[in-house]
Amino acid sequence: MTTDADLAGGRLTIDLGALQRNWGKLRDRSGAAECGAVVKADAYGCGIEQVVPALEKAGCRTFFVAVPQEGISLRAVAPEPACYILNGLFPKAAKALIENRLRPVLGSMNQLHLWADAARIHGAPLPCALHVDTGMNRLGLSLEELRDAVADQDLMAQLDVQLLMTHFACADDVDHPKTDVQRAVFDMAADMLPGVPRSAANSAASLQGFGYDLARPGVAMYGGEALNDVDNAMEVVVTLEGRINQIRTVKKGETVGYGATETMIRESRIAYLSLGYADGYHRAASHMGVPMREVAAPARAAYKGQRLKGVGRISMDLCAFDVTDVPPNEIAEGDWIELFGPNIAVDDVARAAGTIGYELLTGMGRRYSRRYVG
Ligand SMILES: *Cc1c(COP(=O)(O)O)cnc(C)c1O
């Protein structure tokens with residue numbers, strides 16, 4: 001559903017220039033020969049159709065999505081670049097992958113054999129990545145399986161292995177010892193496939209320079225926090241604003257919203273915004289008792305640079321903010337209030353809801369109007 005700005009309760013502004021600059025920063029910091037981009041989940045909610053051409057323009061030549069359908073969506077706007085399917089090969093997906101020149105990241109022996117079978121029918125080796133598990137125990141071959149696969153010449157003759165891949169479990173924590181353990185295992189895997197380019201780095205590992213041959217950042221390109229307890233060096237890409245639906249005065253001692261969870265300690269002016277948890281603005285952000293880090297609690301929104309306190313529970317299509325301290329002639333119904341963006345970090349709103357920025361970005365609702373700038 002696309003929504004006209006005048007008819008929408010919330011509006012998203014996506015800065016493609018900031019996205020391109022963030023990608024450039026990640027490329028430079030990763031130490032990798034090449035920097036790709038992860039554009040799964042509709043480019044983390046930012047729109048694969050707009051994001052992929054912008055990144056291509058910035059110089060990106062390799063993309064990663066999670067599932068085949070996303071690869072097909074990418075092909076609609078980008079016929080040229082390499083595109084890998086991170087979640088691997090589904091049993092009946094080979095034909096669609098071949099037709100759309102998509103490369104599966106093969107993560108099990110069964111998938112290797114399925115892709116080899118498809119190549120025999122196709123009549124030529126088919127491009128793919130091999131995923132080796134180095135300790136996350138999510139997807140990928142064990143070292144032993146990789147050794148067996150490499151020794152199987154009939155199998156390898158059908159596979160045009162373009163990339164050896166692994167994924168870190170704890171790269172967001174810069175001091176975590178597991179990353180070094182995984183890197184050592186990955187080196188052993190790479191020794192079995194000399195000359196095959198290696199890819200391991202998500203945003204967090206890219207920022208630490210563990211780029212290998214091909215980095216594949218996601219969240220940091222979109223302005224999200226990738227490293228714990230490290231200042232976010234990325235520019236803001238996504239801004240969410242809610243439209244003021246109405247402003248009402250609530251007397252001292254009265255309560256606001258479902259559950260009557262919050263009692264006014266003074267006569268208050270409350271602005272209701274026309275968006276809520278049905279738009280991905282998590283109800284859990286109402287009152288989890290988790291203080292925001294960069295914004296003095298319990299501020300949760302901003303209006304013309306001024307912080308606003310959230311009031312009561314977030315409902316399905318509405319949420320409330322205290323605007324008592326904004327001069328009445330400076331705020332009116334129809335105005336927009338920032339829920340995250342340059343003044344309120346998306347990761348802070350996520351933290352208040354007990355989750356991470358990734359989940360807020362990928363859960364952004366379909367009722368918003370969207371505009372692309374930069
Ligand atoms: C999602 C994903 C990435 C990107 O991770 P970010 O933390 O968003 O940078 C990289 N590799 C794999 C395998 C992924 O699933």
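Start by selecting helix α9, residues 177-192, and look at what its buried residues pack against: α7 (143-151), β8 (159-165) and β9 (198-199). Here buried means under 20% relative accessible area, exposed means over 50%, and partly exposed is in between, using a 1.4 Å probe and protein chains only. Helices are DSSP runs of H or I with at least four residues, strands are runs of E with at least two, and both are numbered from the N terminus. Keep in mind that this is a predicted model, where local features need pLDDT of at least 70 and side-chain atom pairs count only at pLDDT 80 or more, while totals for chains, interfaces and linings use all residues. Residues are numbered from 1 along each chain as its sequence is written, and side-chain values use heavy atoms, leaving out hydrogens and water.

Still on α9, colour Thr179, Gln182, Val185, Phe186, Ala189, Ala190 and Met192: these are its buried residues. Seen down the axis of α9, they fall within an arc of 150° (taken from the directions from the helix axis to the C-beta atoms), so they line one face of the helix. Now turn to the face away from that buried side, and you'll find the exposed residues Pro177, Asp180 and Asp191.

Hop over to Pro53, in helix α3 (residues 48-58). Pro53 is partly exposed, at 30% relative accessible area. Beyond its neighbours within four places in sequence, Pro53 is in contact (heavy atoms within 4.5 Å) with Ile48 and Val77. Val77 is 24 residues from Pro53 in sequence, yet their C-alpha atoms are 7.1 Å apart.

Last stop: helix α1, residues 16-30. Its buried residues include Leu19, Trp23 and Leu26. At its start, find the side-chain oxygen of Asp15 that comes within 3.0 Å of the backbone nitrogen of Gly17. At the other end, α1 is followed by Gly31, with a positive phi near 75°.

Methods
The expected span of a helix is 1.5 Å times one less than its number of residues. A polar contact is a pair of N or O atoms within 3.5 Å; within protein, one must be able to donate a hydrogen and the other to accept it, and residues adjacent in sequence count only if both atoms are side-chain atoms.
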